[in-house]
Amino acid sequence: MEFERPNGMQGPMVYSTFQIKSKHSDEVEEFLIQDLTENYFDEAVNIIVENHAKCAVFHQAAKTLLSESGIRRVNEMYLNVFKEKISLVCLKMDTMEIVAVNALTYRDSEATNDANLNLIRDTVAFLNNEFNVMDHYGVHRVISAAGLCVVEKYRNRGIATKMLQARVPLLKCIGIKVTTTIFSTPGAQKAARAAGYEENYSISYDDLGKNFNKMDFSKFSNGFCKVMSLKV
Ligand SMILES: CC(C)(COP(=O)(O)OP(=O)(O)OC[C@H]1O[C@@H](n2cnc3c(N)ncnc32)[C@H](O)[C@@H]1OP(=O)(O)O)[C@@H](O)C(=O)NCCC(=O)NCCS
């Protein structure tokens with residue numbers, strides 16, 4: 001059965017507003033975090049592919065974006081996630097431009113006809129099996145993530161941390177108690193810690209690569225992949 005928001009919570013909802021001093025002047029810039037609405041889907045797909053997927057550990061290791069058909073399937077995958085209508089977007093208030101996107105899903109990813117995307121799916125299934133988040137927290141349903149990015153010129157100003165914190169009001173709004181994410185980079189892991197997520201499971205890319213020899217983690221051999229979750 002498709003997930004439905006409770007009555008009256010169909011959105012779009014604004015979950016957070018905040019101000020940050022500009023990097024270049026004393027001016028204060030204002031931002032909001034809200035449901036990612038349909039009018040932003042195409043732009044958000046471009047932004048998450050450019051700013052997340054192209055540099056993401058799993059997409060690089062599985063070589064998802066090396067062919068035209070691979071790029072098209074990754075674009076489609078994000079569009080399908082956005083259609084679940086639980087993803088978040090951060091907008092700069094004066095221009096309403098997209099500053100950050102967090103693709104969120106309540107589904108397990110399905111097998112596709114793209115072998116590289118299936119490699120990611122299998123790796124995620126392995127991690128979910130190593131740490132069973134639903135058993136651990138005693139819940140039947142969780143929200144997980146398919147990608148997080150902050151547009152480059154807005155990085156290192158706490159925006160990823162605010163995006164991850166905004167899942168708290170989102171979860172309360174849709175009546176789900178737990179969110180979990182495989183955080184693949186040190187920056188995202190640090191932002192998750194700052195946002196109150198607890199670390200459930202950690203594995204080095206060297207060890208992960210031993211289980212998935214078709215994934216090429218050689219560029220990330222000193223790194224760790226972490227499952228981190230938050231319960232409201
Ligand atoms: C990772 C990312 C989302 C962080 O966004 P951000 O808005 O710059 O993060 P924040 O400003 O909230 O940073 C939170 C903390 O992480 C640190 N941090 C941010 N980027 C970092 C990086 N690349 N390496 C190490 N630490 C980093 C910040 O210094 C901050 O620490 P502090 O509180 O001690 O100052 C952003 O760099 C990004 O979009 N990267 C490309 C895509 C990606 O890696 N996505 C995550 C995949 S799981």
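**Ligand shell, sheet and core**

The largest share of the shell around the ligand, 6 residues, comes from α8. Helices (H or I, at least four residues) and strands (E, at least two) are DSSP runs, numbered from the N terminus. This is a predicted model, in which local features need pLDDT of at least 70 and side-chain atom pairs count only at pLDDT 80 or more, while totals for chains, interfaces and linings use all residues. Residues are numbered from 1 along each chain as its sequence is written.

β5, α6 (159-165) and α8 (186-194) each contribute at least two residues to the shell. Of the 23 residues around the ligand, Arg155, Ala160, Gly187, Ala188 and Lys190 come nearest; a residue is near a molecule if its C-beta atom, placed from the backbone, lies within 6 Å of it. By class, the shell has 12 nonpolar, 8 polar and 3 charged residues. Ala, Val, Leu, Ile, Met, Phe, Trp, Tyr, Cys and Pro count as nonpolar, Asp, Glu, Lys and Arg as charged, and the others, Gly among them, as polar.

The sheet comes next. It is open and mixed, with 8 strands in the order β1-β2-β3-β4-β5-β6-β8-β7; two strands pair if DSSP finds at least two bridges between them. β1 (14-21) and β7 (198-204) are the edge strands, each pairing on one side only. From one strand to the next, the twist averages 20°. Angles run from 0 to 180 degrees between N-to-C directions, and axes are lines fitted to C-alpha atoms, for helices over the stretch in contact.

Helix α1 packs on the sheet, touching β3, β4 and β5, and its direction makes about 90° with that of β4. Contact here requires C-beta atoms, placed from the backbone, within 7 Å. α8 lies across β5, β6 and β8 (224-231), at about 155° to β6.

The buried residues of α1 (residues 41-51) are Ala44, Val45, Ile47, Ile48, Val49 and Asn51. A residue is buried if 20 or more other C-beta atoms lie within 10 Å of its own, exposed if 12 or fewer, and partly exposed in between, with C-beta atoms placed from the backbone. Among the 65 residues of the largest nonpolar core, Ala44, Ile48, Ala100, Val101 and Met163 touch the most other members. Such a core is a set of buried Ala, Val, Leu, Ile, Met, Phe, Trp, Tyr and Cys residues joined through C-beta atoms within 7 Å.

Definitions and conventions
Two residues are in contact if their C-beta atoms, placed from the backbone, lie within 7 Å.
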